[in-house]
Amino acid sequence: MVRADTSHGQSLHAQNLHIYQTSPRKEPSGQEKIAEKVISTATVNWYTASDAFFEALWQLGVTYCFVNLGSDHPSLIEAITKGQIEKKGQFPRIITCPNEMVALSMADGYARATGKPQCVIVHVDVGTQGLGAAVHNASCGRAPVLIFAGLSPYTCDGELRGSRTEYIHWIQDVPDQKQIVAQYCRYTGEIKRGVNVKQMVGRALQFATTAPTGPVYLCGAREAMEEEIPEYSLQPDHWGPVGPGALPEAAVENIANTLAKAKEPLLITGYSGRNHAAVGELVRLTEAIKGLRVLDTGGSDMCFPSDHRASVGLRYGVDDSVKTADVILIVDCDVPYIPTWCKPKETTRIFHLDADPLKQQMPVFYYPAEGRYKTDAYTAIKQLNEYISSNETLTKEIESYSDRWEKLEEIHSQRLSSIQELAQPSDDGNFNVSYLTAAIRKAVPEDTIFAVEAVTSTVFVADQIQPRIPGTWINCGGGGLGWSGGGALGIKLAVGEKRFVCHIVSDGTFLFSVPGSVYWISQRYKLPVLTIVLNNQGWHAPRRSLLLVHPDGLGSKATNEELNISFAPSPDYAGIAKAAAGGNLWAGQASTVKELDELLPKAIEAVKGGVGAVLDAHLDGPHPGPGLHALVG
């Protein structure tokens, strides 16, 4: 909107032409009269706070908004309509999401694939609650995401544009809406006036993208978002994240020398591979200090190539390498080991490098470490590599470790052979999860990105997929089941047609993912993904938890039906997805090796042809009985 400003009580900011409402309390001076005369004849472009909100998102690099709109969004809907018409591609693309958890999971997946935060827009308190476990996942998984929710209007009698007009505006007015998600967010704030809406967006995104990255939450009432303000701009380079931290020089020297002199050094990581460049630095470190092994206890990112001889693979906090190591370097890891099952020796020297070494959102967290540093994994590992390569004495000392290097190759080969032995069909022609995922790995493109939420089968899946390329394994960083449906779509949205995305999900988690919303979005926005449902007819994680505490209790002898964790008879998972996609989806069910060999190539070809596919894989044969499936240690 363009108009001549003739209001008596306004002043012009000399630097940025922001106009703020004021009430003059005294006779203006001569200079003020001149300024008012300039203002009274100036032509100013005006728009709403909602227009400025979307403009700020675009200026600061947000290209997608995943939306679930409601009665708090009239001004946003107007701004979206206007922006799509007038901005000609310089406006965030709007993705309609019938479910809030799917919306946030999509933004999470996009951020995990690119490192770039996107925006999720939901409806007041109920939409905020609808985000559900996805907020936990984004927080624990350190996914930078900006969430915006409206607030119920704060005026009732039409005093301002946006005042209450519907019954629900009273019902959805809560004391402090931000507190619903505050404990999971890096920052929460309320947009109270339109005049600084862009600064509020910029500040929120700074928190979202500064390590430890994660979700942020803004809210604003209809009146605030309807407010008309003069157009203004931000300088995007003023709103970037805080730069990465490095190790102190003394720490670099101490850690490098300690690792080099160790007899059995071990590096434990969980999410250092989020920065793809960190993978190469880890490889370089293991090749400099021959004998150093790498154990992944997080499984949320591809942190170290599985085909490298130094790889111990993915194990959730339990591995013999932890028990025998004399020096352990923990890098970006939430749970390096589980003390009730696996502990280092008392004499083991431990160092901890992490974006969040104190785990500030975990009330209970303590692992022994003689040195603990808040630092960027890539920067710190690179520092260690540079120190080692520049230290002639140290370099000569570690050159004598060739026997350890050969020993690692022997151990690694034995490990891969054991993994391969698991991927065998049964005598009656059925298949287990190892055979299934080995077949998938062979059939899909080499650079396939795997979005995995396999719960108790995750270790088996990781062993067979054996990710080698940075960014090709993305697992939920938290414990809120249902991430992978929307997460896989967000990843596909980020990488486009050039990359194949395979979504491997357990049957219970498939239901948690809100498939009715996931596969409607997949069809609506042409985001074809191959989904493999690991159908073991129920929740096996509760049985595992039970047996860890009560190995000989009554529950240990009970069936899955008696424990209330069985899904027998099995739902038609592929059919559910196909119905949600309006029939435009490839759907199949495989119970035997013969069926798998026939159907898997067809599913893959469907996805390559632009159509989503869901293959319901019955593990251990058709309609397996309860209790037949292996539990992951």
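How far apart do the end C-alpha atoms of residues 384-411 lie, and what percentage of the span is helix and what percentage strand?

Author: The end C-alpha atoms of residues 384-411 lie 26 Å apart, and the span is 86% helix and 0% strand. This is a predicted model, in which local features need pLDDT of at least 70 and side-chain atom pairs count only at pLDDT 80 or more, while totals for chains, interfaces and linings use all residues. Residues are numbered from 1 along each chain as its sequence is written, and side-chain values use heavy atoms, with hydrogens and water left out.

Helices (H or I, at least four residues) and strands (E, at least two) are DSSP runs, numbered from the N terminus. An unreviewed UniProt entry annotates residues 384-411 as "coiled-coil region"; UniProt positions are given in the numbering used here, feature names are shortened, and annotations may be inferred rather than shown by experiment.

Arg404 lies over the face of Tyr401, 4.0 Å from the ring centre. A charge sits over a ring if NZ of Lys or CZ of Arg is within 6 Å of the ring centre and within 35 degrees of the ring normal. Arg142 lies over the face of Tyr271, also at 4.0 Å from the ring centre.

The chain as a whole has 23 helices and 23 strands. Its C-alpha trace spans about 90 × 65 × 45 Å along the principal axes. Of the 633 residues, 55% are buried (under 20% relative accessible area, with exposed over 50% and partly exposed in between, for a 1.4 Å probe and protein chains only).

Elsewhere in the chain, strand β5 (residues 64-67) is covered on both faces. Tyr64 and Phe66 on one side and Cys65 and Val67 on the other are all buried. In a regular strand the side chains alternate between the two faces of the sheet. Two strands pair if DSSP finds at least two bridges between them. Strand β5 runs parallel to β6 (residues 93-96), with four bridges, and Val67 has Thr96 as its bridge partner there. Strand β5 also runs parallel to β7 (residues 118-122), joined by three bridges, and Phe66 stands opposite Val120 in β7.

Aromatic pairs come next. The whole structure holds ten of them; rings of Phe, Tyr and Trp (its six-membered ring) pair if their centres lie within 6.5 Å, and planes under 30 degrees apart count as stacked, over 60 as edge-to-face and the rest as tilted. Phe53 and Phe148 form a tilted pair, 4.9 Å centre to centre with 50 degrees between the planes. This pair links distant parts of the chain, with Phe53 in helix α2 (residues 49-59) and Phe148 in strand β8 (residues 145-151), 95 residues apart. Phe53 is buried, at 0% relative accessible area, and Phe148 counts as buried at 1% relative accessibility. Phe510 and Tyr573 form an edge-to-face pair, 5.5 Å centre to centre with 80 degrees between the planes. Phe510 lies in helix α19 (residues 507-512) and Tyr573 in helix α22, so the pair ties together parts 63 residues apart in sequence.
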